[in-house]
Amino acid sequence: MQIQRIKVSNYKTYLDLDLDLTVDEERPIILIGGSNGGGKTTLFEAISGALYGLKIENREHFMELLNQGAVGNVKPEITLQITFSGKVLGQEQKYILKRLYVLNPSGRPLESVSLNMNGNLFVYGTMTSPKERKRAEQEVNKIIKANLPQELSKYFLFDAMQSSELLKKNVFAQTIRDNFENVLGFKKYLQLKRGAERLQQEMAQQRLQAEQEVAEYNELVSQKEKLNTELNACIAEQDSLYKYLTSMEEEYNRAKEGALQSDAINKRIASINAKVDDIVSRAATYADDIKGFMENIELNIFLPKMGSNLSVEIDNILRTKLEIQQSSAAAYPPEMLHDVTSRIISYLKELSLCSPEIDEENVVSHIVAVQNSVSAKDPFDYLDNTEVMALKGLAGRSVNNQFVSLYRQKQDLEISLATIEELRREKQNLEKSKTGGNEYIISAYEENKRKLEKAKGEEGQLKQQIRKLENRIHTYDVQIQQEPDLKYDTLVKLKPFFEKVADSLLKKKKAQIESEMQQQLNRLLVSYKGHIGRVELSDSMENFNIRIFHTKGNPISLNQLNAASKQIFIQVLLKVLRNLGDYNPPVMIDTVMGVLDNESREMLFEEYFPDLAEQTILFCTTSEVRPESDYKKLEAFISKTYTLHRNVEEQKTTVSDDYFGIELNP
């Protein structure tokens, strides 16, 4: 399936929108940028709403969804139209699905739906007769289900910021089990298993001869079905309660500790202000450090490097100068030479060891000349003392290269700057919470916790009652099987057969899933890059789970992964399931970077998005896909770019064919 076009009229921030979403085979990505509040999530919801419909509850809800710029200017109606293509029975089909929403005179929301399939038209609406509506609606739903069932859409059209939430507590197991059942096609075999069980019970009822036995058997089956319904409702309630408790746990703990009291809120707000100020201050300091680094780069790096390269020549000059200096220091002054020479000559004359005609002045002059000839042999006499001292300082200067620390400071600052908007939102929420209180949060949380414990107890009781009923029903099965019945005997075997088929399919795909997930995680899961020893799937769909292990053999707890790693894990899992599943849907991701660190971001740009799907639609801000760097890594894989512009005064969002001013290279 590929989405080709989306048209929106009067929906939330969109007064009139018409986007071409077709992609080239070699360039599967469509990049849609916009600032926070610019309409990205609304466009995301519009595409989903066009496929599966809007659930408009009443007039007030309709007016909330209606573009406010349209009020009083155009007819108050919301239109969502999506054009997509897909294969049905091996044939490529083109579909145009349009949904129109208006209010009737009494203020009740009405829906009108039309689907054009290669010229075949199916139309129904709120005012269509029940019979005709049912027929047309079944055809439309059948077509949508054949391309991308709604129960699968949440796995391929999702908000990356929320993806790590899937790993919390029991939400993960339920999500993964649902995903495997739906995406990999196991659900139909589980449905066949349940269908075989129902048929078996119906045939058992037919085979019972005594009315009393039939009545009792029917009652037991009815009781079991009722208990199964209650059990499913109980499990669904627990799942809902788990999700609520998980999402409210931090708020509850803060409320319990009094953190939401006015003075504590003010402290938290002050703390957030301090963090924001610290980030701004560190950004300013970083700018000053960069400026200082560039201004002193010659003194700190170039000159020490030059001194290191010339160290041999400089050492030679300094050594020569020192030797000459020491030699000069050993020379005798003329007065001393005169005195010593006079005494030596007098002594030699007394001993008749020299001629009486020896001239003392000639001897002294000769000695002075010898001393001066030694001092004159300085090959570096063109260097004065100041220059020699400069060379000495150059040789002793050490390199002070701050580049590495500045680069790390830049990386840390980028991470901090990415959180500044989140801190400001938290501050706004805390300021809003001043008007509320702790009591409601605490009481609601604890009430839901009590409901969860109660539901757990009820689940155990219901399972015990179902087992007892199954034992009683089985007594009839044993009695029935005493009479040969080929059809019934076949049904008895079908229930375990379909269960076995589902498990067999899982085992066949198990090794392939484990291998591909291991390869993907070793490339993309930065915190354990290259250290995922194996991925292990359960052998049965009944208690399905996934575990990962380190290369040293120890298990890696999914709950202990940081938020970025959790997001990567979920996205890897969804990619693998998409590659191995029965469907070929587009992938649409809002807030693509979620909570990722820089290294994880790089891996997604280089190894995830380019070959994620035949059509990938990414919604992002400039902090997620940065125009000056990240965009260039994706550009070769992008078919189209759009930027959403929010006009607050006119209360509408417009679109330009670029990515924040950058036009796509053809």
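Mentor: What follows starts with the salt bridges and then moves out to strands, helices and surface. Keep in mind that this is a predicted model.

The count comes to 25 salt bridges. Asp18 and Arg5 meet through their side chains, 2.7 Å from N to O. This pair links distant parts of the chain: Asp18 sits in strand S2 (residues 14-20) and Arg5 in strand S1 (residues 2-11), 13 residues apart. Asp18 has 42% relative accessibility, so it counts as partly exposed. Arg5 has 29%, so it too counts as partly exposed.

Gln81 touches Arg5, along with Ile6, Lys7, Ile96, Leu97 and Lys98, leaving aside residues up to four places away in sequence. Gln81 belongs to strand S4 (residues 78-88). Is Gln81 buried or exposed? It is buried, because its relative accessibility is 17% and the cut-off for buried is under 20%.

Next come the salt bridges within helices. Arg133 pairs with Glu137, with the closest N and O atoms 3.5 Å apart. Both lie in helix H3 (residues 130-147), four residues apart, about one turn of the helix. Arg133 is partly exposed at 22% relative accessibility. Glu137 is partly exposed at 25%.

Helix H15 (residues 403-433) repeats the spacing: Glu414 and Lys410 are four residues apart, about one helical turn. Their side chains form a salt bridge of 2.8 Å, N to O. Glu414 is partly exposed, with a relative accessible area of 26%. Lys410 is partly exposed at 31%. This pair is part of a network: salt bridges link Lys410, Glu414, Arg601, Arg626 and Asp630.

Now the strands. S5 (residues 91-103) and S6 (residues 109-117) pair antiparallel over nine bridges. Tyr101 stands opposite Glu111 in S6. The two strands make a hairpin with five residues between them. Gly107, in the turn, has a positive phi of about 90°.

Another sheet is open and has three strands, in the order S9-S10-S11, with antiparallel pairing. Its edge strands are S9 (532-537) and S11 (555-556), each pairing on one side only. S10 (residues 546-550) pairs with S11 over two bridges. Phe549 has Pro555 in S11 as its bridge partner.

Helix H18 (residues 563-580) gives a look at the interior. Of its 18 residues, 16 are buried, so the helix is largely enclosed by the rest of the structure. Its length also checks out: at 1.5 Å a residue it should span 26 Å, and its end C-alpha atoms are 26 Å apart.

Helix H12 (residues 334-350) holds Ile344. Met336, Val340 and Ile344 make a nonpolar surface patch of about 250 Å². Ile344 is partly exposed, with a relative accessible area of 46%.

Finally, the whole chain. It has 20 helices and 15 strands. Buried residues make up 41% of its 666 residues. Among contacts between residues at least 6 apart in sequence, 70% join residues at least 24 apart. The accessible surface comes to about 37,100 Å², and 50% of that belongs to carbon and sulfur atoms.

Notes: Residues numbered from 1 in each chain as written. Predicted model: local features only at pLDDT ≥ 70, side-chain atom pairs only at ≥ 80, totals over all residues. Heavy atoms only, no water. Patch = residues over 30% accessible without salt bridge, like charges linked within 9 Å, V, L, I, M, F, W, Y side chains within 5 Å. Areas by Shrake-Rupley, 256 points an atom, 1.4 Å probe, with all protein chains shown as cover. Salt bridge = Lys/Arg side-chain N within 4 Å of Asp/Glu carboxyl O. Buried < 20%, exposed > 50% of the residue type's maximum accessible area, 1.4 Å probe, protein only. Contact = heavy atoms within 4.5 Å. Expected span 1.5 Å × (residues − 1). Pairing = 2+ DSSP bridges.
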